[in-house]
Amino acid sequence: MARLTRFLLVVVLAAFTATQAHACDKAAAKKALAKMRPYIVASVAVEDGWVVVTLGQDYFSWSDRQTEGIVTTYANADACVTGQARSLEFRSPSGKLVARADRLRGIQMK
């Protein structure tokens, strides 16, 4: 019974926090996105409902941890500026899928 109670508590808390508006500094988020051009982010386009972010040439010098940090920073800043988590796809300069982010699955590195 205690397990079920803990499980239900976690579900309720998760549902509650998911509906709360998370405050963010839109001005700082806009600056962060602007500073990523052109070396970190080369281009942004919309394809088949996904916002496709093509990473800049510096991508080839990044470690996996750095790439994950950049993807996370971009996704969080984008969500702050737009007011919602959008479906994002991150590609290398050569077109290889690097990561995806959406509101259901979060960030998934490939």
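1. Let me start with the core. The largest nonpolar core has 20 residues, and those with the most contacts inside it are Val 53, Leu 55, Tyr 74, Leu 88, Phe 90 and Val 98. A nonpolar core here is a set of buried Ala, Val, Leu, Ile, Met, Phe, Trp, Tyr and Cys residues joined through side-chain atoms within 4.5 Å. Helix 2, strand 2, helix 3, strand 3 and strand 4 are the elements that give two or more residues to this core, and helix 3 supplies its largest share, six residues. Helices (H or I, at least four residues) and strands (E, at least two) are DSSP runs, numbered from the N terminus.

2. A word on what we are looking at. This is a predicted model, in which local features need pLDDT of at least 70 and side-chain atom pairs count only at pLDDT 80 or more, while totals for chains, interfaces and linings use all residues. Residues are numbered from 1 along each chain as its sequence is written, and side-chain values use heavy atoms, with hydrogens and water left out.

3. How confident is the predictor? The pLDDT, its confidence in each residue on a scale from 0 to 100, averages 83 for the protein, and 80% of the residues score at least 70. Confidence is lowest in helix 1, at a mean of 38, and highest in strand 3, at 98. Over residues 1-21 the pLDDT is below 50, and beyond near neighbours in sequence this stretch has one contact in the model. I'd read that end with this in mind.

4. Leaving aside neighbours within four places in sequence, Val 53 is in contact (heavy atoms within 4.5 Å) with Val 41, Ser 43, Tyr 74, Glu 89, Phe 90 and Arg 91.

5. Now the hairpin. Strand 1 (residues 41-47) and strand 2 (residues 50-55) run antiparallel and are joined by six bridges; two strands pair if DSSP finds at least two bridges between them. Val 41 has Leu 55 as its bridge partner in strand 2. Two residues sit between the strands of this hairpin, where Asp 48 takes a positive phi near 50 degrees.

6. Which residues does Ser 92 touch? Not counting residues up to four places away in sequence, Ser 92 touches Thr 54, Leu 55, Tyr 59 and Val 98. Ser 92 is found in the loop between strand 3 (88-91) and strand 4 (97-102). With a relative accessible area of 2%, Ser 92 is buried; the classes are buried under 20% relative accessible area, exposed over 50% and partly exposed in between (1.4 Å probe, protein chains only).

7. On to the disulfide. The count comes to one, taking a disulfide as a pair of cysteine sulfur atoms within 2.5 Å. Cys 24 is joined to Cys 80, S to S 2.0 Å, and with 95 degrees about the S-S bond the link is right-handed. Cys 24 lies in the loop between helix 1 (2-19) and helix 2 (26-35) and Cys 80 in helix 3, so the pair ties together parts that are 56 residues apart in sequence. Cys 24 is partly exposed at a relative accessible area of 39%, whereas Cys 80 is buried at 8%.

8. Asp 78 is found in helix 3 (residues 64-82) and counts as buried, at 4% relative accessibility. Leaving aside neighbours within four places in sequence, Asp 78 is in contact with Leu 33, Gln 84, Arg 86 and Leu 88. With one of these, Arg 86, the Asp 78 side chain meets in a salt bridge (2.6 Å, N to O). Arg 86 counts as partly exposed, at 29% relative accessibility.

9. How many salt bridges does the structure hold? There are five, each being a side-chain nitrogen of Lys or Arg within 4 Å of a carboxyl oxygen of Asp or Glu. Arg 91 pairs with Glu 47, the closest N and O atoms being 3.4 Å apart. That pair links distant parts of the chain, with Arg 91 in strand 3 and Glu 47 in strand 1, 44 residues apart. Arg 91 is partly exposed, at 21%, and Glu 47 counts as partly exposed, at 36%. A network of salt bridges links Glu 47, Glu 89, Arg 91 and Arg 100.

10. One more pair to check. Asp 102 forms a salt bridge with Arg 105, the closest N and O atoms being 2.6 Å apart. Asp 102 counts as buried, at 11% relative accessibility.

How values were computed:
pLDDT is the predictor's confidence in each residue, from 0 to 100.
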